[in-house]
Amino acid sequence: MTIDDEEKHVREAAVNVIDAPKDLTEEKRETYDVAAAFLADVAARPDAAELLAPWTDAEENAVKRKLDRIVMVLLFFSNLMSGTDKVLLGTAATFGFRTDLHLANSIPYFGMIGFVYLQSFIFQKFPIGKTIGVNVFFYGICTFGNAGAKNFAGLAACRFLLGVFEGAGHSATGIVISMFWKKSEQPWRTAVMFSTLSSVVNGLLSFALQFYNPGPISRWRLLFVIMGCWSIIVGVMDYFFLPSDPTQAWWLTDRQKVIAIRRTAGNQTGILNHHVKWDQVREALVDVKTWLLAVSLNIPNGGLIGFNSLIVQSLGYSVKEVTLLAIPTGVVSWVSSLIFAKLATKTKRPLLCTIISILICLAATIMLKTIPRSNKGGSLAALFILYCYWAPYIIMGSSILYANVAGTTKKIAVYGISYWGYCVGNLVGPQTFISTEAPLYPSATLTMLIGYCLSILLVILYGISCWSSNKLKEKEQAEWEATHHDEDVAEEWKDLTDRQNPYFRYSW
């Protein structure tokens, strides 16, 4: 479905939903999306005609500005804190902190793998804005714990708990994005919210702390304390300002809440349902698209964790230079994701943009394999280009994922499986860096070359699956309309999965 088709469908859906159901039973309220219940309550009000009247572009833009300034900004900082907290350990090592860094850096991923589903279902059952706030708050507490760790056991416990609280951030952000923004608006905002500026924050902060003369607290402990404070502040802001869904946004008027809900009708992904539906879990498990999304990019991307520090160190730079040279990697990653997200929206060919961005990573990997380390400029340039890896991940692993999965429980199941793939990639990828193969690391480079080639193949297979599914849905829609023309609740508010909803179309 093109962007123009989506916009047209939104307007048509808005007209159809003006006569929102006025007699929803409690059983139906549990089955349907929260939007159906909210619109039913609005339709029963004396001022229903005014609240449900078609909106103007100016009204919609005012709503969108509020969403961008509050929801997007809060999630930007929440994910920034998550990314920063995870990588602080490597920065602390430059300030004299010594432990088994490789193992300690891996421990959070075990916490994520073990608790991502428990956390995700908590997000579904309870107000998501407040649960995100609580989790971000505890990022900070765990970061404080890192500052106070006196041995490896204490550090390992803090790192594991850090993974527990950070593990569901991807799923939570995806749920929020899918309920607040149109499909055409999601790619760029996804790139903004999942920034890679943690490298910039770490680089600048670690460089600044090198001018601090250690007193009562050492540099590496102060590093954790500063970032812990920031996480706690962001968590408190999330708790009070990040709503559970558009109907609970206290900073929106009732009219704006109606617009915020109805403007996303064309997504066909719904808003939110608080009840776990096990049939949607089963559907997620048997859907081939789930597994194509989960494995397509994660193994080659996981290897990049080791690339930056290992290659930069092999080029003979000082500690201060190493910390500063970490900054461009975050900038390149984020800027590339913003550019390709805009390009995907403008061309309406997100998978083609994904393949092009993967080809850039593939070319950079070949450069790293062939350029001798004696060529510092060429090696650094190849390394920085390789950090465009975040662009295909944002388009394929996040924005397409959020746009192409419907049904609250199925969303959580698919997002969780995809995040498992991300965690496994980050555990397996660094293992390909064999110390005896320094400084070229041929095994790691070969793994990444194979991984990116396979990624292109998997992306093509995903596109074929989406195309064939959309063709089938055209027939399903005609049959559905012939037998369900008297339905009083639009399909987008029934908490249907992408397979169950005949009006759903996959983006590819």
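Predicted model: local features only at pLDDT ≥ 70, side-chain atom pairs only at ≥ 80, totals over all residues.

The chain is built with 24 helices and zero strands. Of its 508 residues, 59% are buried. Among contacts in the chain with a separation of 6 or more, 83% are between residues 24 or more positions apart.

**A helix pair**

Helices α7 and α8 pack against each other at an angle of about 165°, and their axes are 9 Å apart. Because angles over 145 degrees count as roughly antiparallel, α7 is roughly antiparallel to α8. The crossing of α7 past α8 is left-handed. The residues that make the contact are listed by helix below.

| Helix | Residues in the contact |
|---|---|
| α7 | N135, F138, Y139, C142, T143, G145, N146 |
| α8 | L155, C158, R159, L161, L162, V164, F165, E166 |

By type, the residues of this contact comprise nine nonpolar, four polar and two charged.

**A single residue**

A294 is part of helix α15, which spans residues 288–295. Is A294 buried or exposed? A294 has a relative accessible area of 4%, and a residue under 20% counts as buried, so A294 is buried. Leaving aside residues up to four places away in sequence, A294 touches I417, S418 and G421. Between A294 and Y415 there are 121 residues in sequence, while their C-alpha atoms are 8.7 Å apart in space.

Terms used. Residues numbered from 1 in each chain as written. Heavy atoms only, no water. Axes fitted to C-alpha atoms, helices over the stretch in contact; angles between N-to-C directions. Helix = DSSP H or I, 4+ residues; strand = E, 2+ residues; numbered from the N terminus. Parallel < 35°, antiparallel > 145°, perpendicular 65-115°, else oblique. Left-handed = near helix turned anticlockwise from the far one by under 90°. Contact = heavy atoms within 4.5 Å. Nonpolar A, V, L, I, M, F, W, Y, C, P; charged D, E, K, R; others polar. Buried < 20%, exposed > 50% of the residue type's maximum accessible area, 1.4 Å probe, protein only.
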